[in-house]
Amino acid sequence: MLAIVNRFSTFVCISVLYISSTLIAQNTEGPFTYYPNPSSGTFLGVATIDESPAEGTDVIAAYDNNGNCAGASMLIFNGGLAWIQLSIYGDDSTTPGVDEGINTGEAFSLVIWDASDDAFYQYNESFYGWIN
């Protein structure tokens with residue numbers, strides 16, 4: 001019985017440490033910092049800058065209306081194209097009072113960081129229809 005309690009106690013302790021570290025963890029991709037959480041979706045597409053393919057060292061990010069970065073990802077260069085596979089995170093409901101993602105019904109915009117020129121380009125239209 002003692003061995004089971006010890007293992008359970010260790011499991012609970014490790015689980016609590018893992019959960020608390022993921023709640024405050026932040027990721028940085030290029031110049032963008034965001035807070036991943038379980039509420040997410042994936043944006044797929046092809047990125048161009050001035051009608052030419054972006055490069056594999058460039059990074060794309062999503063921003064909510066309040067200027068919060070809601071996800072960032074390096075572009076995937078394959079077959080002469082720069083592919084977007086961007087995880088976008090919603091606002092985490094377990095952290096009330098903190099806006100770290102996109103809220104239901106909120107628009108989001110895309111920004112590309114051109115690593116070779118250290119320049120930022122915002123896509124000229126916003127995207128709608130986010131649901132947490």
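Thr48 stands opposite Pro53 in β4, where strands are DSSP runs of E with at least two residues, numbered from the N terminus. The strands β3 and β4 pair in the antiparallel sense over 2 bridges, two strands being taken to pair if DSSP finds at least two bridges between them. The model is a predicted one, in which local features need pLDDT of at least 70 and side-chain atom pairs count only at pLDDT 80 or more, whereas totals for chains, interfaces and linings use all residues. Residues are numbered from 1 along each chain as its sequence is written, and side-chain values use heavy atoms, with hydrogens and water left out.

The pairing of β3 with β4 belongs to an open sheet of 4 strands, arranged in the order β4-β3-β8-β7 with antiparallel pairing. Because β4 (52-53) and β7 (76-78) each have a single partner strand, they stand at the edges of the sheet, and one side of each is left without a neighbour in it.

The largest nonpolar core comprises 17 residues, of which Leu86, Ile88 and Phe108 have the most contacts inside it; such a core is a set of buried Ala, Val, Leu, Ile, Met, Phe, Trp, Tyr and Cys residues joined through side-chain atoms within 4.5 Å. At least two residues of this core are supplied by each of β3 (40-49), β5 (59-64), β8 and β9, and the largest share, 4 residues, comes from β8. When residues up to four places away in sequence are not counted, Ile88 touches Ser39, Ser40, Gly41, Phe43, Ala62, Ala70, Ile102, Phe108 and Trp130, contact meaning heavy atoms within 4.5 Å. A second, separate core of 9 residues includes Phe32, Tyr34, Val59 and Ala61.

Leaving aside neighbours within four places in sequence, Asp114 is in contact with Ile49, Asp58, Ala119 and Tyr121. Asp92 is placed in the loop between β8 (81-89) and β9 (108-114) and is buried, with a relative accessible area of 9%.

Note on methods
Buried means under 20% relative accessible area, exposed over 50%, partly exposed in between (1.4 Å probe, protein chains only).
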